[in-house]
Every structure is written in structure tokens, then in C-alpha cells.
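Here is a friendly briefing to read alongside the structure.

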Amino acid sequence: MGSVGAKDVPILMTPDGRRIDGRRWDELRPIHIVAGPLRQADGSAFVEWGANKVMAAVYGPREVHPRHLQENHRAIVQCRYNMAAFSVDERKRPGLDRRSQEISKVIAEAFDSVVFAEEFPRTSIDVYIEVLQANAGTRCAGVVAASVALADAGIPMVDLLPAVAVGKVAGEIVLDLKKEEDNFGEADLPMAMVPQSGRMVLLQMEGHMTRDELSKALDLGVKGCRDVHEKMKEALRTRYTTTDAGAEA
Amino acid sequence: MSGEVSAEILTTHLLDLASKGKRLDGRGLDEYRPIRIEPGFAANADGSAFVHLGDTKVLCGVKLELGKPFPDTPNAGVLTTNAELIPLSSPVFEPGPPTTTAIETSRVVDRAIRAAETIDLTRLCVTPGEKSWVCYVDVHVLDHSGNLIDAALLSAVAALSHATLPRKRFGVAETDTPLEVVHRPIECTFVRLGDAILVDPTFDEEKAAQGRITVATDETGRIVAMQKGLVGAFSPEDIKEVVERAFQHGDRMRALAQGERR
């Protein structure tokens, strides 16, 4: 990360507990979710989360490609998380780098844990996530977008999958890091939670925290996920109350 | 497969409509779908534009970096256009290396930008043979409902028209300056359905098409690029006709792409 010119570390936390963009430690950035913006996909969603812009599309259940991945008793979940070349400060080479491949894998596994895969043997549920504008927390925004897209596609699931990152910035545990906090902070802990059970199906961490801090971070993450969950439900309600007003959508 | 049967029926229907001067979505044969352009959509790009062409959605982002000029053109900057037909945008696209369709789309768009001298590349040179600006034009197709070529070039020209040379970020100067756009090429694509030639084909019309032809024009009255694609043929009269139509649509679309500078 980091930009072209070396810069000094910005002030990440003021003495009265305000973060770089004026938020308190437990505040989310503004989140706006649109369900079903794309026509070709079976389900889709667009998420603006702070300065992140992420589009997700879902196709399936459909024929498995490549064929040898097919499973006889259940559907497989495949995910492709990709960043647009222009989504970051320094142009990224197009295509999946190692980071994107890893994120694709953990996201696919997260969704595989919530969809009723046994209902669609020998098929694939394909989840595509495109990061169009990045400002830290893109995998969480991607999970949220993909989850709404899965619901929009009518894929049966245990629950929606809200996600959020918690981190440690200037010694404090804070919710939903933005770019400067991610670059100069001490830890980053993205997670995705099944609201019904409160269990995490995606969890990663980078940096350093004490046991107490981790426990506080998890509590904060659970709370953050619950707030994100509300926004996801709201987006789906908006989508299906407006378009169902006329004939069948 | 039932999909193929329904495609057959749809093709017959589209041909039948076209012979009566009609289209499935109610448009005239020489009518574009509604166009909407949102410049500056991707804030981390040096220039960007989100283009809605009916249900087709593409996003172009421009990134400028300081690099080295090519040895054979030491006095010119570098311009690269890349169009990605990602699997997010359509059930017909699969992950993997670019298909021939993707390569064709990308190259047809690149050719128009290059041939029209959209950017004066010599102005992008900083130190001959050593340092020059490298301009990356990346087009992301998000929803493929037909006519990607026109939408992709429109987004590229709109993104370039609103782009900034990030001189501050690279420590070359104290202030950023707008990227200078010299010409604005526009591509108009037509398909043949029977005897009719339709502009701005939808996905289904492209599938049913008996030949496709793209004409790129600029604001000075030049034709800067052409491409015939798919199986099918066009007579010289057909070609003259589509060129005329391309100029008429081009002027209107150019104004949309240029927009008002932020």
C-alpha cells in the first residue's frame, strides 16, 4: 500500500477520541446498498461503503465449469474477487494477484457455509465481486454485496452474511477502518457473521493485539455486523417493495 | 437444449420485426438506447466515467503514471487500452484468459483512440528517451446487454475528457493539470437483420445478426476506424449508409462524452 511520495503518519486519533474522519471508535462509515442493479446476472448488488464502491453478481445454480469440480451430492460455491486496475492509488495490474486469489477462496468458503448446497447437486453457484473503488475494507464490502446478490438471485441460505473489519488504531480498538487507518494502524480484523447464530464464517487478522483487545474487537465486530445486517435487509426490502408494485418482476 | 430452440424462435421473430422496420424494444432501426454518463465515478482513478447504454453498463478508469517511453518513440508518451469482459457481466463470459471477443472489443476501441489521436502523445513526453507519462485506459464491462464496443469507447472518451495529469502525486509540479484531449472519436455499431441495418444492437440482436459493422468518426469529419465482424456481408452502399448514420449519431454522443468539465 502507501502512495508514491513517502508521507508522514497522519494523526489517527485526537485526544478527545475522534478518528481521522471524525468518527467515534464504534462508528461505521456511511453504507448504501442497492439490490439488483444488473440485468444479466441472476442476482446482483452494488455497495457504497465509505469511499469503497463494490459491485457483485451471482449466477446459478448452473452447470459446473470446469466440469471436474462438480460434486454429485451438492452444489459448489465459486467466488472471484477482483480489483479494477483503477480502483487504487497506484494502478494495479489487471487480473487476480495472490491476494485476490486468497480473498476469493475465503469468501467462497464463507458462503459455502450458509447456502443450502445440498439442494442443487451437480451445480455451481458463482459469485463475482468487482472492486471499483477501494478504501480499505473491500473484502467486507464484497461479502455484503455478494450476500445481497445471493438473496436477490433467490438462492436459499441460512441467513444473510454481514461483514465488517475491526482494527487497532493508535492503540485503540476501532470499528471499520478507512484507508489511512488501515495503512498506519496496528491491526486489521475482517470478519463475516451469521446473524442467527452469531458465528463467524470469515475471519482474518493481520497485525498485533492483546487477548483483551481481541476480545473487545470481536464484541465490536459482532455489533458492527448486526448494524450492517439491518442495512442489507433494508436494501432487499426496498428492491422488492418497489418492483413488485406492478406485475411480476 | 431448450435454450437453443428459444434462441431460434427469437431470431425468427427479430428478423420478422426488422423486415417491418420494428424492434423488440420498440426502438426505430436508427435509434440508440438512452445514454447516461456519470463522470468521476471512481475517485481513485485519474479520470473515470460510468456509461449506461440502455441496460449495458461499462465503467472506464484512466490511470496516469510516470514511466519510460518506448525506444522507437522516444519523444512520445505511452497509451494502453484494455477492455475486460469479466464474468460478472454476463452468463456467457467465463473466467480465464481473454476470449477472442474480448480481444477484438479491446483492440477496436484502442484503434479508434489511437487513430483519432485522441491524446497528443508527444505532449505526454517529459524527458525524451527517459521519462514520459504512461496512460492506462481500463474498461470494465459490468452488464452486457449488447453493443459493448460503442459503450466502451464512449466511456473511454468520457473518462479521458475528465482526466487529470497527477503531476503533484509524482512530484513533477506543484499543481495537477487537466489531461488535454485533442480529438473525440465515437464508434457506432450496426448489425444486419435480413435487409434491415440496425444501430446499437441489443444482446439478442447481436446473437441473431447476419453481420456487424462498426464505424468510428471524429469531430473533424474523419472516419478513424472501422471493423466488420460476425458472419455476414455488407455492400458498398450499405457501408456508405452506415458511415452517414455514424456521423449523425457521433456528433450527439460526442457532446455527451465531453460533458462539462468538473
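In this predicted model, strand 1 of chain A and strand 2 (residues 43-49) of chain A run antiparallel to each other and pair over 5 bridges. Within that pairing, Ile33(A) has Val47(A) of strand 2 of chain A as its bridge partner. In general, strands of a sheet pair through backbone hydrogen bonds, either parallel or antiparallel.

**The sheet of chain A**

- The open sheet is built from 5 strands in the order 1-2-3-5-4, with mixed pairing.
- Strand 1 (31-35) and strand 4 (76-83) of chain A are the edge strands; each has a single partner strand, so one side of each has no neighbour in the sheet.
- From one strand to the next, the twist averages 15°.
- Helix 1 of chain A packs on this sheet, where it touches strand 4 and strand 5 (123-133) of chain A. The direction of helix 1 makes about 145° with that of strand 4 of chain A.

**A residue to look at: Ala35(A)**

- Ala35(A) sits in strand 1 of chain A.
- Is Ala35(A) buried or exposed? It counts as buried, because it has 23 C-beta neighbours inside 10 Å, and the cut-off for buried is 20 or more.
- Beyond the neighbours within four places in sequence, Ala35(A) is in contact with Ala45(A), Val148(A), Asp152(A), Ala235(A), Leu236(A) and Arg239(A).
- Cys79(A) lies 44 residues away from Ala35(A) along the chain, and the C-alpha atoms of the two are separated by 19 Å.

**Two helices of chain A**

- Helix 1 (residues 98-112) and helix 2 (residues 138-152) of chain A have axes that come within 11 Å and cross at roughly 40°.
- The two helices of chain A are therefore oblique to each other, and helix 1 passes helix 2 in a right-handed crossing.
- On the helix 1 side, the contact is made by Ile103(A), Ile107(A), Ala110(A) and Phe111(A). On the helix 2 side, Arg139(A), Gly142(A), Val143(A), Ala146(A) and Leu150(A) take part.
- By class, the residues of this helix contact divide into 7 nonpolar, 1 polar and 1 charged.

**Where chain B meets chain A**

- How many residues of chain B are in contact with chain A? There are 31, and they touch 27 residues of chain A.
- On the chain B side, the elements that give two or more residues are strand 3 (56-67), strand 4 (78-84) and strand 6 (131-143) of chain B.
- The side of chain B that touches chain A has 13 nonpolar, 10 polar and 8 charged residues.

Conventions: Residues numbered from 1 in each chain as written. Chains lettered and ligands numbered in written order. Predicted model: local features only at pLDDT ≥ 70, side-chain atom pairs only at ≥ 80, totals over all residues. Axes fitted to C-alpha atoms, helices over the stretch in contact; angles between N-to-C directions. Helix = DSSP H or I, 4+ residues; strand = E, 2+ residues; numbered from the N terminus. Parallel < 35°, antiparallel > 145°, perpendicular 65-115°, else oblique. Left-handed = near helix turned anticlockwise from the far one by under 90°. Contact = placed C-beta atoms within 7 Å. Nonpolar A, V, L, I, M, F, W, Y, C, P; charged D, E, K, R; others polar. Pairing = 2+ DSSP bridges. Buried ≥ 20, exposed ≤ 12 C-beta atoms within 10 Å, placed from the backbone.
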